[in-house]
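Subject: The two-chain model, and what I found in it

Hi there,

Here is the structure I promised to hand over. Have a look at it first, and then read on for my notes.

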Amino acid sequence: MNETMKVDRRDAKLAMAHIYVAFIALALGGFAGLLQVLVRSGKFTLPANISYYTILTTHGVLLGLVLTTFFIIGFQFAAMSRTAGTFSNQVRTWGWVGFWMMTIGTAMTAFFILIGEASVLFTFYAPLQAHPGFYLGLTLVVVGSWISGFTMFAHYAKWKKANPGKTSPLLTFMSVANMILWLVCTLGVAATVLIQLLPWSLGLIDRINVLVSRTLFWYFGHPLVYFWLLPAYMVWYVVIPKIIGGKIFSDALARLSFILFLFFSIPVGFHHQLLEPGIDPFWKYVQVILTFMVVIPSLMTAFSMFATFEMYGRSKGATGLFGWLRKLPWGDARFFAPFVGMLFFIPAGAGGLVNASHQLNQVVHNTIWVTGHFHLTLATTVVLTFFGAAYWLIPHLTGRVMTKTMNRLAIVQTVVWAIGMCFMSGSMHFAGLLGAPRRSAFSTYGNSPQALEWIPYQIAQAIGGTILFIGIILVLVIVTNLAFFAPKGETEFPVGEVAETAERTPLVFENWKLWIGITVALILIAYTIPFIDMIQNAPPGSKGYKLW
Amino acid sequence: MHIHKYEKIWLFFGIGSLFVFLTIIGVSAFAQGNQPPSCLTTIDPEKVDETPPFNKPGLVKTGDNEYQLNIVASAFAYTPNQIEIPKGAKVTINVTTKDVIHGFEMAGTNVNMMVEPGYVNSFTKTFNKTGQYTIVCNEYCGAGHHMMTAKVKVVNKQ
């Protein structure tokens with residue numbers, strides 16, 4: 001294998017640029033989150049007439065879209081440079097073009113949110129109408145990410161040409177799979193923004209079809225969460241085995257699970273629209289079935305992870321059913337943070353099954369239970385894995401080493417995060433079951449006895465949210481240290497090797513035409529008929545409203 | 001491609017229980033009629049006030065112990081917002097909106113639906129217990145979203 005062990009300095013700069021933006025977004029978005037939980041406790045009001053919903057939009061956009069997309073693209077650039085070789089100058093230049101488009105788009109979007117012209121939340125459901133600058137900013141972010149995606153494809157194609165008939169490096173393969181997923185799903189959001197929302201906000205068209213717009217949004221909105229999750233899986237499958245000193249359980253099964261995620265994360269958007277009028281329940285159920293297919297690669301991943309852990313523990317002489325647990329490197333933050341993330345994925349996944357169930361959804365839809373759910377999936381599982389990756393990625397890219405003190409602080413950070421999230425997400429789940437709505441400022445709903453029952457849970461959320469904000473300060477201290485102040489030196493970019501007992505990976509996995517073909521076929525099966533129905537039976541369109 | 005024996009067992013039981021689960025919710029939906037609210041009726045959102053039954057929103061008796069509750073949502077109120085339902089009544093709730101998307105959630109019950117401009121949404125529930133329920137808007141609709149509410153009282157028949 002012609003793997004370079006170190007990411008080239010020029011590629012490292014490109015990756016780090018993304019990571020800086022990601023952590024700035026974490027700082028600002030995290031602060032917005034703190035304000036939200038305080039407002040919702042009922043004990044605090046925002047100064048200077050700042051709207052709760054402006055803060056909420058800021059929080060969602062910065063953490064859901066900016067932190068994730070920038071970190072993921074930065075991480076994948078580094079991973080591809082590390083495993084498929086240094087970028088050509090052309091690839092790197094386009095990488096920078098993508099970065100600047102995304103950054104300018106982010107700044108533009110943030111500006112229109114903060115001046116109060118776009119308090120439409122990160123889902124921007126029509127017919128609430130934001131300033132055209134908000135939609136334009138988002139367009140730049142998405143188009144910038146497409147450029148980065150094609151940059152990665154070009155680098156992969158170059159590797160393939162130089163290594164005919166060979167299986168591509170696992171991290172490169174996974175990055176390509178994730179960017180294909182991203183490209184296919186962002187077509188939906190690009191369609192609604194460019195064909196519907198942007199011309200409508202500019203006054204070029206008067207009315208738009210609300211249900212079509214929402215459907216295009218959710219065609220994008222669910223794969224979006226898998227776009228967040230797959231890089232965490234890259235760390236779990238490839239990096240964690242190396243960190244603990246073990247081997248990758250099976251290269252082929254890892255690739256298979258990524259392909260299954262590509263198939264089953266897109267034709268499933270209706271499970272976010274289960275309670276909507278205008279969609280026949282038969283098609284909702286079809287998409288519910290497709291949604292649940294992701295259980296299969298999730299089970300495969302869980303098996304692989306624990307097989308890797310157990311094989312390693314036993315190779316170190318562990319005995320008994322669970323003796324291998326004691327052999328794991330609990331004191332290493334690069335392992336500990338992602339591991340805690342994995343544990344949180346168990347209740348997170350169970351909650352997800354509830355949400356996507358055809359009927360159970362009705363109990364929790366748009367209650368704060370849902371907010372609790374994605375603060376486990378995204379804000380714990382994915383984010384703790386990203387933090388754990390940052391602890392070796394940043395020093396690798398900046399030519400520094402993580403000190404023992406910083407490692408200890410990172411362990412503390414993980415524990416703080418877990419405690420804060422148990423409080424916040426736990427009480428969100430409970431309050432949601434009692435009916436407390438999500439995305440709502442503090443309200444007693446006219447002193448309704450039911451709403452008064454929710455308040456103790458909202459106070460618990462404020463306590464949890466405050467602890468989490470301390471966690472954000474800690475991770476920012478660590479990241480700043482690793483980027484600017486840690487001692488100079490060499491840090492490894494850990495890339496696991498496949499276990500000797502695993503069999504050769506079949507070449508069929510590189511057959512992207514086949515995988516994309518199946519993906520498109522599934523999308524057409526799930527969406528064609530209900531989408532035609534929506535357009536044929538469309539009600540009169542909606543004018544724009546600015547109700548904030 | 002080789003799959004480890006333990007992984008085969010794990011996947012067999014995992015995928016097996018998945019199909020049992022999907023069969024259960026499928027039977028519940030299609031054989032027992034437990035479908036999520038998915039009304040296909042459309043309406044002109046700017047003419048809601050002139051379109052029956054929403055021109056006279058409120059509770060209407062349609063049969064022996066059967067009722068229709070027609071509600072209009074708009075920023076940031078429900079019309080009507082004080083509702084009395086006789087105990088034991090089977091009520092079909094129809095909701096539509098005059099402006100943006102709203103939610104319609106009767107906290108503590110399974111009545112939960114999206115209300116979107118251009119569409120009527122509908123759900124039927126039998127109220128077997130007396131008591132009070134709070135209706136809340138659970139989809140963000142603007143500055144007054146958290147003030148949007150209505151009250152339902154289930155009372156003993158006179």
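In chain B, residues 24 or more positions apart account for 60% of the contacts with a separation of 6 or more. For chain A, 85% of the contacts between residues at least 6 apart in sequence join residues at least 24 apart. Please keep in mind that this is a predicted model, and that every value here is computed from it.

Let me stay with chain B for a moment. What is chain B built from? Of the 158 residues in chain B, 37% count as buried. The C-alpha trace of chain B spans about 65 × 40 × 25 Å along its principal axes. A compact globule of 158 residues would have a radius of gyration near 15 Å, but the value for chain B is 20 Å.

There is also a detail of the backbone to look for in chain B. The peptide bond from B:Pro52 to B:Pro53 is cis, with omega near 0 degrees. You will find B:Pro53 in the loop between helix 1 (5-30) and strand 1 (58-63) of chain B.

Now for chain A, which has 15 helices and 0 strands. Its C-alpha trace spans about 65 × 50 × 45 Å along the principal axes. How does the radius of gyration of chain A sit with that of a compact globule of 548 residues? The globule would have a value near 24 Å and chain A has 23 Å, so the two agree. Buried residues make up 57% of chain A.

Next, the inside of the model. The largest nonpolar core has 208 residues, and those with the most contacts inside it are A:Ala22, A:Ala25, A:Leu67, A:Phe70, A:Leu230 and A:Met234. Helix 6 of chain A gives the most to this core, with 25 residues. If you leave aside its neighbours within four places in sequence, A:Met234 is in contact with A:Ala79, A:Leu171 and A:Met174. As general background, nonpolar side chains tend to be buried together in soluble globular proteins.

The axes of helix 2 (residues 52-84) and helix 3 (residues 89-114) of chain A come within 10 Å and cross at roughly 175 degrees. Angles over 145 degrees count as roughly antiparallel, so helix 2 of chain A is roughly antiparallel to helix 3 of chain A. Residues that make the contact include A:Val61, A:Phe70 and A:Phe77 of helix 2 and A:Met102, A:Ile113 and A:Leu114 of helix 3. By class, this contact of helix 2 with helix 3 has 7 nonpolar, 6 polar and no charged residues.

Where do the two chains touch? In this model, 58 residues of chain A are in contact with 55 residues of chain B. On the side of chain A that touches chain B, the elements giving two or more residues are helix 6 (210-244), helix 8 (281-292), helix 9 (295-315), helix 11 (361-364) and helix 14 (449-485). The residues on that side of chain A divide into 34 nonpolar, 18 polar and 6 charged.

Finally, here are some loop residues of chain A to find on screen:

- A:Pro127 lies in the loop between helix 3 and helix 4 (132-162) of chain A, and the peptide bond from A:Ala126 to A:Pro127 is cis, with omega near 5 degrees.
- A:Asn49 is in the loop between helix 1 (9-40) and helix 2 of chain A. Its phi is near 60 degrees, a positive value in a residue other than glycine. A:Asn49 counts as exposed because it has 7 C-beta neighbours inside 10 Å.
- A:Asn366 is in the loop between helix 11 and helix 12 (368-398) of chain A. It is not a glycine, yet it has a positive phi of about 55 degrees. Is A:Asn366 buried or exposed? With 25 other C-beta atoms within 10 Å, A:Asn366 is buried.
- A:Asp332 is in the loop between helix 9 and helix 10 (333-356) of chain A. A:Asp332 is partly exposed, with 19 other C-beta atoms within 10 Å.

Enjoy exploring!

Best wishes

Conventions. Residues numbered from 1 in each chain as written. Chains lettered and ligands numbered in written order. Predicted model: local features only at pLDDT ≥ 70, side-chain atom pairs only at ≥ 80, totals over all residues. Axes fitted to C-alpha atoms, helices over the stretch in contact; angles between N-to-C directions. Helix = DSSP H or I, 4+ residues; strand = E, 2+ residues; numbered from the N terminus. Parallel < 35°, antiparallel > 145°, perpendicular 65-115°, else oblique. Contact = placed C-beta atoms within 7 Å. Nonpolar A, V, L, I, M, F, W, Y, C, P; charged D, E, K, R; others polar. Rg over C-alpha atoms; globule rule 2.2 N^0.38 Å. Buried ≥ 20, exposed ≤ 12 C-beta atoms within 10 Å, placed from the backbone. Core = buried A, V, L, I, M, F, W, Y, C linked by C-beta atoms within 7 Å.
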